[in-house]
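Trainee: I'd like to learn how to read a structure like this one. Could you walk me through it, one feature at a time?

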Amino acid sequence: MTPANKDASEIRKNALSFLYITATGGPVPTQTINEKVGAKVQMYCPGATIDTTIRWVNGSRYLPAYDLREKTKGRAEIDVMNVFHIHNVQWYDANVYTCWYDDKEQGMFHLHVERPPRIFEILQHMIYLGIAFFLNFLIFIGCMVVKHKHRLVQTEKPYLAHSANSLQAVSTHSSSSGHSSSSSSEL
C-alpha cells in the first residue's frame, strides 16, 4: 500500500469513526468475544441496572426477551438482570450484538465463533460415503442374485425342452425297434 493510499484509508476510517461517534452520542464500549462451538456466552450491558429497560439487538434485528427463549428452543435467553445468554453457541450465532437503553446504544459485542476443525466435517462426509457405498453394494448384490436366478431359469428351459425332445425321440426309436424285433421273432 502506497503512502498516499494509506493516508486516504486513514482519513476514511477517521471520518467514519467521527460519524459513528456523532450519531450515537459518543464512543460505545465494544467487546470482542471469541468462543468455540458449544460454549456458553454471557453479555452484560455496561452501566445497566436491574431497573433499566434494555433492548438487545442482533445486527439490525430486535431480540425481544419475552419470546427469545421460545424461538431459540432454550438456546438463547435474556434473564431478569438483562444479561443476554447464549447456551450451546453455534457458528451461525456469530454477529454483532448491541444493547440499548435510554434510546442510546450502550454496548457492542462482536461474537466470533470458531468453527470445529475440518476433520469432523471430513469424518461426517466419510461416514455418509461409507453408508452410501454399503447400500449401493447391497443393491448390487441383490441385482446380481436376481440376474443369476434369471439365468438359471433361462438355461433350464432349453434343457427341459431338449430333454423332452430326446425322450420323445428315444421312445419313438424304442417303439420302432421293439416293433421290428417282434416281427423278427415271428419269423
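Trainee: How many residues apart are Lys71 and Asp67 in helix α2?

Mentor: Before we start, keep in mind that this is a predicted model. Lys71 and Asp67 both sit in helix α2 (residues 65-71), four residues apart, which means about one helical turn separates them. As a general idea, side chains of opposite charge can pair when their charged atoms come close. Here Lys71 and Asp67 do meet in a salt bridge, at 3.4 Å from N to O.

Trainee: Is Lys71 buried or exposed? And what about Asp67, buried or exposed?

Mentor: Look at the relative accessible area: under 20% is called buried and over 50% exposed. Lys71 has 62%, so Lys71 is exposed. Asp67 has 17%, so Asp67 is buried.

Trainee: How many salt bridges does the count come to?

Mentor: Three salt bridges. Glu77 pairs with Arg69, with 2.4 Å between the closest N and O atoms. Glu77 is buried at 19%, while Arg69 is partly exposed at 45%. Then Asp93 pairs with Arg75, and there the closest N and O atoms are 2.7 Å apart.

Trainee: Which parts does the pair of Asp93 and Arg75 tie together?

Mentor: To read that, find the element or loop that holds each partner. Asp93 is in the loop between β6 (84-86) and β7 (95-101), and Arg75 is in the loop between α2 and β5 (76-78), so the pair ties together parts 18 residues apart in sequence. Asp93 is buried, with a relative accessible area of 8%. Arg75 is buried as well, at 17%.

Trainee: Let's step back to the whole chain. How many helices and strands does the secondary structure come to?

Mentor: Three helices and eight strands. Follow the sequence along and the pattern reads α-β-β-β-β-α-β-β-β-β-α. The chain has 187 residues, and 21% of them count as buried.

Trainee: How do I read a disulfide, and how many does the structure hold?

Mentor: Look for a pair of cysteine sulfur atoms. The structure holds one disulfide, formed by Cys45 and Cys99 with their sulfur atoms 2.0 Å apart. Cys45 lies in the loop between β2 and β3 (55-58) and Cys99 in strand β7, so this pair ties together parts that are 54 residues apart in sequence. The torsion about the S-S bond is about 80°, so the disulfide is right-handed. Both ends are buried: Cys45 has a relative accessible area of 8%, and Cys99 has 0%.

Trainee: What about nonpolar side chains on the surface? Which residues form a nonpolar patch there?

Mentor: The patch is made of Ile127, Ile131, Phe133, Phe134, Leu135, Phe137, Leu138, Phe140, Ile141, Met144 and Val145, with about 1100 Å² of accessible area together. Pick Phe140 to get your bearings: Phe140 lies in helix α3 (residues 118-186) and is partly exposed, with a relative accessible area of 46%.

Trainee: One last spot. Where does Gly38 lie?

Mentor: Gly38 is in the loop between β1 (30-36) and β2, and is partly exposed at 43%. For a residue like this, compare place in sequence with place in space. Gly38 and Ile86 are 48 residues apart in sequence, while their C-alpha atoms are 9.7 Å apart. Setting aside its neighbours within four places in sequence, Gly38 is in contact with Asn88 and Val89.

How values were computed. Residues numbered from 1 in each chain as written. Predicted model: local features only at pLDDT ≥ 70, side-chain atom pairs only at ≥ 80, totals over all residues. Heavy atoms only, no water. Salt bridge = Lys/Arg side-chain N within 4 Å of Asp/Glu carboxyl O. Helix = DSSP H or I, 4+ residues; strand = E, 2+ residues; numbered from the N terminus. Buried < 20%, exposed > 50% of the residue type's maximum accessible area, 1.4 Å probe, protein only. Patch = residues over 30% accessible without salt bridge, like charges linked within 9 Å, V, L, I, M, F, W, Y side chains within 5 Å. Areas by Shrake-Rupley, 256 points an atom, 1.4 Å probe, with all protein chains shown as cover. Disulfide = S-S within 2.5 Å. Contact = heavy atoms within 4.5 Å.
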